[in-house]
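Here is my note on this structure, in numbered points. Please keep the model open while reading.

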Amino acid sequence: KDEPVDMVPRNDNSCNSNEIYVKEDGNDDENDGRSWATAFQTLDRAIQELEAMRSTQAHASDRIELHLAEQVYTPSQEEGFVFPSNVTIYGGYDISPVDGTASGRTRNPRTPANPEGNMTVFKVDDPNGRLVSLIDKQDVKFCGIIFDGSSLAAESSLTGRAMKIVNSTVTVDSCFINGFYFKGESNSPVTAISIEKGGDKTHS
């Protein structure tokens, strides 16, 4: 069984310049996303903040950590969530983490080996969409995320339904990828993960 991971994230705004937090009862309009107390509500808003940080000299190349509480995160565009380079996305926190407590610093992601863990889920509303697209991105890491394909259409021309990776470096750690349809007889199969580097393609 997987054991909970104590992250010990920093929780005062003076030190949290490289961390962004998202939880179900957060607020996209009034909060700054720099702690659980001031977390954003949606992942789209957090990614918008990530891009804004990347555009500044202070954070142009810094590693940024994105901490996601338990809930279902739904992308608003067909291409799915698009993360910038040099980002780690951590899932598996409690549904309502509190700064300075065990719920705020300990991840317990659900996996096949840990069926009682917390569920940080990427899932689409659009049956023809995908969950994540990474094109020309470097050093993007996913930890403790569930990629849920159960709402996707069985037939589609879109490959890489969980993740499309093009000329990018990606690490997937303690994640659960399930519910994706594989069309094996097609020359361009509808797969969970599509990896392209230059003209080469790999599907799985």
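1. Start with H59. At 14% relative accessibility, H59 counts as buried; buried means under 20% relative accessible area, exposed over 50%, and partly exposed in between, with a 1.4 Å probe and protein chains only. H59 sits in the loop between α1 and β3. Helices (H or I, at least four residues) and strands (E, at least two) are DSSP runs, numbered from the N terminus. Not counting residues up to four places away in sequence, H59 touches S17, N18, M53 and R54. Contact here means heavy atoms within 4.5 Å.

2. A word on the basis. This is a predicted model, in which local features need pLDDT of at least 70 and side-chain atom pairs count only at pLDDT 80 or more, while totals for chains, interfaces and linings use all residues. Residues are numbered from 1 along each chain as its sequence is written, and side-chain values use heavy atoms, with hydrogens and water left out.

3. Next, the core. A nonpolar core is a set of buried Ala, Val, Leu, Ile, Met, Phe, Trp, Tyr and Cys residues joined through side-chain atoms within 4.5 Å. The largest one has 40 residues. F83, F122, F142 and F147 have the most contacts inside it. Elements that each supply at least two residues of this core include β2 (19-22), α1 (43-54), β3 (64-69) and β5 (87-93). The helix α1 gives the most, with five residues.

4. Leaving aside neighbours within four places in sequence, its contacts include L43, I47 and L50. Also among them are L66, I89, F122, V132 and F142.

5. Now the sheet. Four strands form an open sheet in the order β4-β7-β10-β13, with parallel pairing. Two strands pair if DSSP finds at least two bridges between them. β4 (71-73) and β13 (176-178) stand at the edges, each with a single partner strand, so one side of each is left without a neighbour in the sheet. The twist averages 25 degrees from one strand to the next; axes are lines fitted to C-alpha atoms, for helices over the stretch in contact, and angles run from 0 to 180 degrees between N-to-C directions.

6. How many bridges join β4 to strand β7? Three, and the two strands run parallel. V72 stands opposite V121 in β7.

7. Finally, F176 in strand β13. At 26% relative accessibility, F176 counts as partly exposed. Its C-alpha atom is separated by 4.7 Å from that of I146, 30 residues apart along the chain. Leaving aside neighbours within four places in sequence, F176 is in contact with R110, P112, I145, I146 and F147.
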